[in-house]
Amino acid sequence: MIWTTELREAMRAWRQLERAVQECIVSSCGPICADCPTPCCREEICCETRESAWLRNVRNAGTGTSLKYDARKGWITPQGCALRTGRPTVCYGFFCDSVRRWFDPVREYALTTAGALMNFVGRRALGDRSLIALTENAELARLRPERLMKRIDMAWVVLESCRRTLETGVLSAEDAAILARVASMPARPDRAKSA
Ligand code: SF4
Ligand code: SF4
């Protein structure tokens, strides 16, 4: 049996975290992306949701199976992405130069760390393979849900630090130590504060 209570709980926790990460990013980048003349969504990115067993199940748990994938546009709609949850992790982890330039280095670090959280939770979920890279339901049965839950719990702590840093623009020593669990702050001697 694949869907043990523990695995279902881990999926529910993933979806909650994903929504929170999404809200954090949209509230930070939304105004910039809304005016973007060349949005970065691509069908080639959307299609990872079809190959990944985890993302397929997350999507179906959130929206049922009624959503139809468009062979040309993937999940792209005039209103944005059709998926509330179950998006590829790169959809949260990519920030173009226009977005990056908008933020001062401290906020940029907090934003990119928040964007890396879903990847952080899923990395090395089964041996060296990430959760998203698993293509068969049978592989999900070999996951260790308690390990996923630990990562998700840690991701919430990191997300809280990211939110605080994005709001204040100040990276306290405590938050710096927390963010460093997911990503190091890049050295940017060439970057002046631009926000
Ligand atoms: S991340 Fe950059 S390229 Fe993508 S939609 Fe936002 S502004 Fe456009
Ligand atoms: S955010 Fe949605 S529409 Fe955009 S690339 Fe990701 S899955 Fe596709």
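**Ligand shells and a helix contact**

Around ligand 2 lie C41, R42, I45, C46, G74, W75, I76, C81, L83, R87, P88 and C91, a residue being counted as near a molecule if its C-beta atom, placed from the backbone, lies within 6 Å of it. This is a predicted model, in which local features need pLDDT of at least 70 and side-chain atom pairs count only at pLDDT 80 or more, while totals for chains, interfaces and linings use all residues. Residues are numbered from 1 along each chain as its sequence is written, and chains are lettered from A and ligands numbered from 1 in the order in which they are written.

By class, the shell around ligand 2 comprises nine nonpolar, one polar and two charged residues, where Ala, Val, Leu, Ile, Met, Phe, Trp, Tyr, Cys and Pro count as nonpolar, Asp, Glu, Lys and Arg as charged, and the others, Gly among them, as polar. The shell around ligand 1 consists of C29, I32, C33, C36, T38, P39, C40, F95, C96, S98 and V99, and divides into nine nonpolar, two polar and no charged residues. Its largest share, three residues, comes from α1.

Helix α1 (residues 5-34) also packs against helix α4 (residues 53-63) at an angle of about 75°, with the axes 10 Å apart, which makes α1 roughly perpendicular to α4, a term covering angles of 65 to 115 degrees. M11, W14 and R15 of α1 meet N57, V58, A61 and G62 of α4, contact requiring C-beta atoms, placed from the backbone, within 7 Å.

Methods
Axes fitted to C-alpha atoms, helices over the stretch in contact; angles between N-to-C directions. Helix = DSSP H or I, 4+ residues; strand = E, 2+ residues; numbered from the N terminus. Parallel < 35°, antiparallel > 145°, perpendicular 65-115°, else oblique. Contact = placed C-beta atoms within 7 Å.
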